[in-house]
Amino acid sequence: MSREKKPSFTLNTVDDMFTTQEIRDERKLPRIRDIPIKAIKDFPDHPYKVKDDEDMMNLMESIKENGVLTPVTVRKIPGGSYEMISGHRRKRACELLGMPVIRGEVVELDRDEAIIMMCDSNLQRTTILPSEKAFAYKMRLDAMKRQGKRIDLTSTPVVEKLSGRDALSVTKLGNDVGESREQVRRYIRLTELIPEILELVDEGKIALRPAVEISYFPKDLQEVLVDAMEMEACTPSHAQTIRMRRLLADNKLTAESITAIMQEEKPNQKEKIILRDDRTRSLIPKDLPVNKREDYIIKALEHYGRYLKKQREQDLER
């Protein structure tokens with residue numbers, strides 16, 4: 001008597017039951033592979049600037065000679081395309097070189113995980129503008145809050161636990177990026193600046209501390225400050241921005257008060273004439289007291305000015 005054959009069948013795995021065919025097909029592909037550049041979209045609200053500057057030209061030369069040494073990092077998004085997480089500059093360089101594909105690593109991340117990875121990977125760059133840090137820190141902090149991590153159960157000091165969940169999130173972010181909690185907060189405040197002032201911060205014309213004070217001004221008063229800076233050809237000191245913010249707290253900060261403060265002469269903006277030439281010093285009598293040398297120089301210049309005026313008058317009479 002022959003044995004009855006048992007029906008053969010296989011059970012679907014949990015993975016098969018809860019994923020689409022597209023996702024299952026994607027997982028069969030190698031993680032690192034050539035990806036069409038046209039299929040890669042920039043990360044939404046990417047805070048890091050990609051410029052066609054000298055550094056970009058150098059990167060293009062490197063890629064032309066050696067290829068893309070470090071694969072870009074992307075994640076698959078609906079519609080069959082990819083979203084760039086790390087490698088916007090490499091992608092731009094390849095685009096300028098006319099390359100159709102770029103070597104990339106495909107990772108499985110949700111939106112907030114992608115934001116955190118995008119911010120962290122780009123913070124490794126050697127040169128990062130204050131505005132780039134500002135928006136990157138803000139995006140990362142918002143993502144951390146949405147994730148709802150129980151960071152209050154970590155080994156954070158009790159004094160910080162009493163400051164609230166937001167303080168803990170900022171502390172955790174600071175630890176991750178190597179900045180103090182207060183420094184992270186300062187950078188995030190820069191996101192409240194209008195573009196004209198934020199650009200001055202990036203250019204190093206306004207320091208971080210005064211920029212933070214300005215960030216509390218309403219947008220219309222920030223615009224007034226920009227006009228005042230252009231009129232007076234100077235930027236506010238930290239002390240001046242503190243005074244303006246105090247006026248703001250008392251509802252007394254106006255266009256007139258901003259202009260008046262900006263018209264003040266600051267010690268670091270006074271013109272200084274330093275006589276370093278030995279020939280100049282040799283013309284000043286050695287026995288003349290130091291406290292009288294300035295008067296001596298002024299009188300000498302006035303005398304020379306009168307001499308030049310007389311010379312011009314004589315030339316006109318000839």
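This is a predicted model: local features need pLDDT of at least 70, side-chain atom pairs count only at pLDDT 80 or more; totals for chains, interfaces and linings use all residues.
Which residue with a positive phi follows α4? Gly98 does, and its phi is near 75 degrees.

The chain contains 16 helices and five strands. It has 318 residues, and 35% of them count as buried. Taking contacts between residues at least 6 apart in sequence, 68% join residues that are at least 24 apart.

Helix α4, which spans residues 88-96, gives a local view of burial. His88, Arg90, Lys91, Ala93 and Cys94 are the residues buried in this helix.

Helix α6, residues 130-147, packs against helix α9, residues 181-189. The angle between them is about 105 degrees and their axes are 7 Å apart. An angle from 65 to 115 degrees counts as roughly perpendicular, and α6 and α9 are therefore described in that way. On the α6 side the contact is made by Pro130, Lys133, Ala134, Tyr137, Lys138 and Leu141, and on the α9 side by Val184, Tyr187 and Ile188. By class, seven of the residues in this contact are nonpolar, two are charged and none is polar.

Helix α6 also packs against helix α10, residues 195-202, at an angle of about 115 degrees and with the axes 8 Å apart. Here Pro130, Ser131 and Phe135 of α6 meet Leu198, Val201 and Asp202 of α10. This contact has four nonpolar residues, one polar and one charged. Pro130 takes part in the contact with α9 and also in the contact with α10.

A pair of aromatic rings is described by the distance of the centres and the angle of the planes. The model has two aromatic pairs. In one of them, Tyr137 and Tyr187 have ring centres 5.9 Å apart and planes at 85 degrees; planes over 60 degrees apart count as edge-to-face, so this pair is edge-to-face. Because Tyr137 lies in α6 and Tyr187 in α9, the pair ties together parts that are 50 residues apart in sequence. Both tyrosines are among the residues that make the contact of α6 with α9. Tyr137 has a relative accessibility of 1% and counts as buried. Tyr187, at 11%, also counts as buried.

The other pair is formed by Tyr304 and Tyr307, and it is stacked, with 6.1 Å centre to centre and 25 degrees between the planes. These two tyrosines lie in helix α16, residues 293-317; because they are three residues apart there, about one helical turn separates them. Tyr304 counts as partly exposed at 48% relative accessibility, and Tyr307 counts as partly exposed at 44%.

A further ring interacts with a charge. The charged end of Arg189 sits over the ring of Tyr216, 3.8 Å from its centre. Arg189 falls within the residue range of α9.

Backbone geometry is the next topic. Most residues other than glycine have a negative phi. Ala233 is not a glycine, yet its phi is positive, about 55 degrees. Ala233 is placed in the loop between α12 (219-232) and α13 (238-249). At 71% relative accessibility, Ala233 counts as exposed. Asn251 is likewise not a glycine and has a positive phi, about 60 degrees. The loop that holds Asn251 is the one between α13 and α14 (255-262). Asn251 counts as exposed, with a relative accessibility of 72%.

Which residues does Ser257 touch, leaving aside those up to four places away in sequence? They are Leu247 and Lys252. Ser257 lies in helix α14, and at 15% relative accessibility it counts as buried.

Note on methods
Residues are numbered from 1 along each chain as its sequence is written. Side-chain values use heavy atoms; hydrogens and water are left out. Axes are lines fitted to C-alpha atoms, for helices over the stretch in contact, and angles run from 0 to 180 degrees between N-to-C directions. Helices (H or I, at least four residues) and strands (E, at least two) are DSSP runs, numbered from the N terminus. Angles under 35 degrees count as roughly parallel, over 145 as roughly antiparallel, 65 to 115 as roughly perpendicular and the rest as oblique. Contact means heavy atoms within 4.5 Å. Ala, Val, Leu, Ile, Met, Phe, Trp, Tyr, Cys and Pro count as nonpolar, Asp, Glu, Lys and Arg as charged, and the others, Gly among them, as polar. Rings of Phe, Tyr and Trp (its six-membered ring) pair if their centres lie within 6.5 Å; planes under 30 degrees apart count as stacked, over 60 as edge-to-face and the rest as tilted. Buried means under 20% relative accessible area, exposed over 50%, partly exposed in between (1.4 Å probe, protein chains only). A charge sits over a ring if NZ of Lys or CZ of Arg is within 6 Å of the ring centre and within 35 degrees of the ring normal.
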